Amino acid sequence: MTTRHNNIRADIGRLWASLMRSAEIGTTPKGGLKRLALSADDGVMRREFVEWCEAAGCKVEIDPIGNIFAFRPGTDPTAKPVLVGSHLDTQIKGGRFDGILGVLAGLELVRTLNDHGIQTRHPVALVNWTNEEGARFEPPMIGSGVFTGGKALDFALSRTDKDGITLGQALGEIGFQGKAKINADMFDSLFELHIEQGPRLDDAKIQVGIVTGAFGVRGFVVEVTGETGHVGPTPMAKRHNALVGAAHVTLAVEEIGWSEAQNHGKSTTMRVKVEPNLLGILPDFVEMTCDFRHPEEPSVIKMMDAFKARIPELEERSRCRIAVKEGWAYGGMRFDADCVDLVRDAAQKAGYSTLDLLTEAGHDAMHVAEVLPAAMIFTPCEGGLSHNEAENVSLADIEPGVNVLLQAVLARAGAV
Ligand SMILES: [Zn+2]
């Protein structure tokens, strides 16, 4: 690569203008975003993104799960595209930058290459993954899951939101169920830029996070079954209160998290559904959702095993039946060493301060890393706050990460 290419910088003001236009679509009263996957607002954002991509000379294609791909041609017809992107959907009380920064930084990358008349050997392809957040349709990261083949298309399209609308219907309503046959084999690699969503970079005033891999994650649903009865006359010794079982489960999950806290292990009980959830009635059923995370995959497996081993004791103490019903696992992987090196080289050449870290949140790039060389770059975010309407970054926070993305992708795609 020539020095000319090493010196080019993204137009951060232009990127900021795109981010602020996005921030007008689905704005919440507190200045955050509620742009749930495949909502009307998501449709508006998607159409605007497609227009921007086409205006930048890209050919846009939509796959059957609604992932948007925008292709900027390369010079070598045999070279596969380098993918760059993230997600434009948000949480219910989400921020303006989570995911959005990664998609619009990709767009800015293409616009910058256009400004400088730079061609690349590999095409560069932008991507907006469908339903990353999982706030409307569960599970999260479903668009990238279908892309990699990890999730079946029929399964994904049949997911329902709280009103019973399927993901497939919602895609149809906003006009984003495409026909393009696109799969991971067609691509060279993926680069995803994202805000850190934690405080490490911001606290240490470090400019660029080099994400080398991901925490191992185990999510699981626990069902606690007891027996209903009147809360008055039923003697203490004859109660089978499922909510008491759930309390024991919650404490056991918490204790297992603390037992690995010195090694950065974490545990959460995040959701509880209680039946019948009425005054005067002993609850007979609780469904709860829990989560273990650990930097080391073998350790997260141990946390899960430790929980299962405690179930007989929790059942005895609560006089309820406790069963682990569903589980899911992701993360625990390391990103592609070559792609990570390109990120590191780009940061070093630009003189940015860097920190190697693992992502503790789920990201589409983690799915994609199962089938393609991939890397992630983190920018600092104010106070490490995200999934919050007050989520914020400054231009100075994002400029280094955006330029590292630009240079790493240019190196991978081969500027000519
Ligand atoms: Zn995100």
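Strand 8 (266–275), strand 9 (285–294), strand 10 (321–331) and strand 11 (354–359) each contribute at least two residues to the lining of the largest pocket. Strand 8 supplies the most, with 6 residues. Strands here are DSSP runs (E, at least two residues), as are helices (H or I, at least four residues), and both are numbered from the N terminus. A pocket is found on a 1 Å grid over the protein atoms alone, as an open set of points with protein on both sides within 12 Å along at least five of seven lines; lining residues have an atom within 4 Å of a point.

This is a predicted model, in which local features need pLDDT of at least 70 and side-chain atom pairs count only at pLDDT 80 or more, while totals for chains, interfaces and linings use all residues. Residues are numbered from 1 along each chain as its sequence is written, and side-chain values use heavy atoms, with hydrogens and water left out.

The largest pocket holds about 1600 Å³ of space, a volume being the space filled by probe spheres set on grid points that are joined across faces, edges and corners. Its lining takes in 50 residues, and those closest to the centre are Pro140, Met270, Asp291, Arg293 and Tyr330.

The zinc ion comes next. Its protein donors are His87 (NE2), Asp98 (OD) and His194 (NE2), at 2.0 to 2.2 Å. Donors are N, O and S atoms within 2.8 Å of the metal (3.2 Å for Na, K and Ca); water is not among the atoms, so the site may look incomplete. Along the chain the donors follow the spacing H-x10-D-x95-H. His87 lies in the loop between strand 3 (82–86) and helix 4 (100–115), and His194 lies in strand 5 (residues 189–195), so this pair ties together parts that are 107 residues apart in sequence.

An unreviewed UniProt entry lists His87, Asp98 and His194 under "binding site"; such annotations are given in the numbering used here, with feature names shortened, and may be inferred rather than shown by experiment. Although these residues are spread over 108 residues of sequence, they cluster in space, with a largest C-alpha distance of 9.6 Å. The lining of the largest pocket includes His87, Asp98 and His194.

His87 is buried at 0%, His194 is buried at 1%, and Asp98 is buried at 4%.

Asp98 is also in the loop between strand 3 and helix 4. Leaving aside neighbours within four places in sequence, Asp98 is in contact with several residues, including His87, Asp89, Glu133 and His194; contact means heavy atoms within 4.5 Å. The side chains of His87 and Asp89 are joined by a polar contact of 3.0 Å. A polar contact is a pair of N or O atoms within 3.5 Å; within protein, one must be able to donate a hydrogen and the other to accept it, and residues adjacent in sequence count only if both atoms are side-chain atoms.

Two other residues can be located in the chain. His248 is found in helix 9 (residues 242–259) and is buried at 18% relative accessibility. Gly149, in the loop between helix 5 (142–148) and helix 6 (153–157), is exposed at 56%.

Note on methods:
Buried < 20%, exposed > 50% of the residue type's maximum accessible area, 1.4 Å probe, protein only. 1 Å grid on protein atoms, 1.4 Å probe; cavity = no way out; pocket = protein on both sides within 12 Å on 5 of 7 lines; lining within 4 Å.
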